Amino acid sequence: MYSEDISAAGMEAARAYRSRLLEGMAHSVALKGYADTTVADIVREAGVSKRTFYECFSTKKDCLIALYVAASHGGLKVLKGAIDPGRDWKTQVEHAMGAYLDCLASNPALLRTLFIEILSLGPEGLQVRRQMNQEMADFVVQVVNAGHPHTPQDEALTATLAMAVIGGINELVLQAIESNRTADLRTLTGPCSALVRAVLAAPR
């Protein structure tokens, strides 16, 4: 029992260090960009040693990918939490999109990582970006088709259309980042919601 307690405490400490390093990466990337960020910058922001960094991550790239995945899952969690089957579909879309965009706007450091810095990793960055977009598209398909259980199979929302919706929303957010309008992301709720409704209403 004693050894199990030590093991559990060690795992908890490792998770805490990993979380601090991800926050350190986010702060450093926001200040300097990924290319100019060093492991020394990350551990300084995190308040841990380089040894601790390499116990958690093999490279700086691995740390950025882990940050991207964690932030993406955080956004998806917010989106899932905003879905209320008791509301009509149009209201659900508006509410969910507003909550998701507010989540993105609340942390500009992560926002840049999610939409710009991850692409600097080349094929690995593109791969994990596609993976996270696919998870979000799968969720959209699940929610939409579950909310319309009597829809004929050939009229159900497809994975391809869901991915097109995610891509369109991402592009609108990216434009806002590039034009320094991240504080006003909620203004995209209308256009993003309209895009979702248009795809759902279109004949298939």
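Tutor: Let's begin with a definition: buried means under 20% relative accessible area, exposed over 50%, and partly exposed in between, using a 1.4 Å probe and protein chains only. This is a predicted model, where local features need pLDDT of at least 70 and side-chain atom pairs count only at pLDDT 80 or more, while totals for chains, interfaces and linings use all residues. Residues are numbered from 1 along each chain as its sequence is written, and side-chain values use heavy atoms, leaving out hydrogens and water.

Student: Is Ser72 buried or exposed?

Tutor: Ser72 is found in helix α4 (residues 60-82); helices are DSSP runs of H or I with at least four residues, numbered from the N terminus. Ser72 touches Leu114 and Met132, not counting residues up to four places away in sequence, where contact means heavy atoms within 4.5 Å. Its relative accessibility is 13%, so Ser72 counts as buried.

Student: How are α8 and α9 arranged relative to each other?

Tutor: Their axes come within 10 Å and cross at roughly 165 degrees. Axes here are lines fitted to C-alpha atoms over the stretch in contact, with angles from 0 to 180 degrees between N-to-C directions. Angles under 35 degrees count as roughly parallel, over 145 as roughly antiparallel, 65 to 115 as roughly perpendicular and the rest as oblique. The two helices, α8 and α9, are therefore roughly antiparallel.

Student: Which residues of α9 make the contact?

Tutor: On the α8 side, the contact is made by Leu161, Val165, Gly168, Ile169 and Leu172. Their partners on α9 are Pro191, Cys192, Leu195, Val196 and Val199.

Student: What is the phi of Asn180?

Tutor: Asn180 is found in the loop between α8 (159-178) and α9 (189-201), and at 74% relative accessibility it counts as exposed. Most residues other than glycine have a negative phi. Asn180 has a positive value, near 55 degrees.

Student: Which residues do ring pairs link into a cluster?

Tutor: Rings of Phe, Tyr and Trp (its six-membered ring) pair if their centres lie within 6.5 Å; planes under 30 degrees apart count as stacked, over 60 as edge-to-face and the rest as tilted. Phe53 and Tyr54 are edge-to-face, 5.1 Å centre to centre with 85 degrees between the planes. Phe53 and Phe57 have centres 5.7 Å apart and planes at 50 degrees, so that pair is tilted. The cluster linked by ring pairs is Phe53, Tyr54 and Phe57.

Student: Is Tyr54 buried, partly exposed or exposed?

Tutor: Phe53 is buried, and so is Phe57. With a relative accessible area of 47%, Tyr54 is partly exposed.
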